[in-house]
Amino acid sequence: MHVVKPNWLTHGGERKSHEVYSCHVSPDGKRLVTSAADGYVRIWSTEAIYNSTNGSYDKPKQLASMSYHSGTIHTVRFSPGGKFLASGADDKYVCVYTLDPNPPKHSTFGSNEAPPVEHWPVFRRLIGHENDVQDLGWSHDGTILISVGLDSKVVVWSGYTFEKLKTISNHTSHVKGITFDPANKYFATASDDRTIKVFRFTSPTKNYSSHDAVNNFTLDATIAQPFINSPLTAYFRRCSWSPDGMHVAAANAVNGPVSAVSIIDRGTWGGETTLIGHEGPVEVVAFAPRLYGPEPVVRADSNGHVPAHTTVIACGGADKCLSIWSTSDPRAIFVPKEVAQKSISDLAWTPDGQVLFLTALDGTILTFMFDPGELGGYAMPVEENDRSLTKFGTSRKGQGFPE
């Protein structure tokens, strides 16, 4: 593993770095998006980050910067097809951007921003929250976008028209995390009411309306046990669903007096597994998007069986430490301590499962690059994800991406 921290990868330039609240990687792995307290969404070239020590590398580093919110931007998420980018902020709005194929106009007069390489105009501005938007999630087929916020609401938007389809008010306090089931049957939300709620849904079609949503997006389970005495001070409760669909990892759980990450089993919505290794509340967890196997090449046995896979999860939070775990090992694989001066705010994996980006509230943006086999196994082909999800009666292929 080696860590990359280019000095240009910052919100604020020569001035004080602003708190960075969120990061996400585009589906093609070529762009990293970050958002911060300076009110900017910034898109970076991942290739430039990886080549930051290469003195002869001369391609653009920052691809675009957008400032359409009037406050701190808490969350940024690319859509599964990469056509859209959504951001949510404390001005109560969700902005949806799309890449304009025409070259961008020059930067604003009087601004010290570099001229943008890409042009990402606002495609839609979504009005549906009465307080800060804390987190966003896209369904894996891109048919819906969900926003959650400090108004305790979960708002469902169409991934086609961005019409508001439903407002869900099952939580009794701030909602600070959302994650989607990769098999496209459920999503889960995490709240300061010390519960995670699991909702069942059916992907909406193109001409689907809010009228059709009345009996869709229904509460399936409420999970409270791991959070009964959890602290209420967490800025985020970013949860994550494993790529094989089997588990939800929940931040801000406790095991007795100790901070923990709860691993919740699909279907029963219970589970005995907790990851313990942090001294402060864990506020963000992120499963790597790939499954990992024992060999660099997946070989089926004579019966056609593929070796058992493992999943990998990264956790970070208020103790400024990162921990990375494999489901094949009861101990963490890596625990780099004090990676930042303040709380870790978000984690984002590249699609190949070999690079992890981390943001923190001191303005830090870090890149962890892993060698093959270093994460307790080798990343399996992405087709293995689909194979592992077929047992849930899903076929994501034929659903028709809205993009």
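Visitor: How many nonpolar, polar and charged residues does the lining of the largest pocket have?

Guide: By class, the lining has 25 nonpolar, 11 polar and 8 charged residues (nonpolar: Ala, Val, Leu, Ile, Met, Phe, Trp, Tyr, Cys and Pro; charged: Asp, Glu, Lys and Arg; polar: the others, Gly among them). This is a predicted model, in which local features need pLDDT of at least 70 and side-chain atom pairs pLDDT 80 or more, while totals for chains, interfaces and linings use all residues. Residues are numbered from 1 along each chain as its sequence is written, and side-chain values use heavy atoms, without hydrogens or water.

Visitor: What is the volume of the largest pocket, and which residues are closest to its centre?

Guide: The volume is about 1,200 Å³, as the space filled by probe spheres on grid points joined across faces, edges and corners. A pocket is an open set of points on a 1 Å grid over the protein atoms alone, with protein on both sides within 12 Å along at least five of seven lines, and lining residues have an atom within 4 Å of a point. Of the 44 lining residues, His24, Pro80, His140, Phe287 and Pro289 are the closest to the centre.

Visitor: Which elements give two or more residues to that lining?

Guide: Among them are strand 2, strand 6 (73-78), strand 10 (133-138), strand 22 (282-287) and helix 2 (383-389). Helices (H or I, at least four residues) and strands (E, at least two) are DSSP runs numbered from the N terminus.

Visitor: Which strands pair with strand 3 in the antiparallel sense?

Guide: Strand 2 (residues 20-25) does so over 5 bridges, and strand 4 (residues 41-45) likewise over 5 bridges; pairing needs at least two DSSP bridges. Val25 stands opposite Leu32, and Val33 stands opposite Ile43 in strand 4.

Visitor: What about the turns?

Guide: The hairpin of strand 2 and strand 3 has 5 residues between them, with Gly29 at a positive phi of about 75°. Between strand 3 and strand 4 there are 4 residues, and Gly39 takes a positive phi near 80°.

Visitor: Now Ile333: where is it found, and what does it touch?

Guide: Ile333 is in the loop between strand 25 (322-326) and strand 26 (344-349), and counts as partly exposed at 27% relative accessibility. Beyond four places in sequence, Ile333 touches Ile324, Trp325, Ser326, Glu374, Leu375 and Gly376, with contact meaning heavy atoms within 4.5 Å.

Technical notes:
Buried < 20%, exposed > 50% of the residue type's maximum accessible area, 1.4 Å probe, protein only. 1 Å grid on protein atoms, 1.4 Å probe; cavity = no way out; pocket = protein on both sides within 12 Å on 5 of 7 lines; lining within 4 Å.
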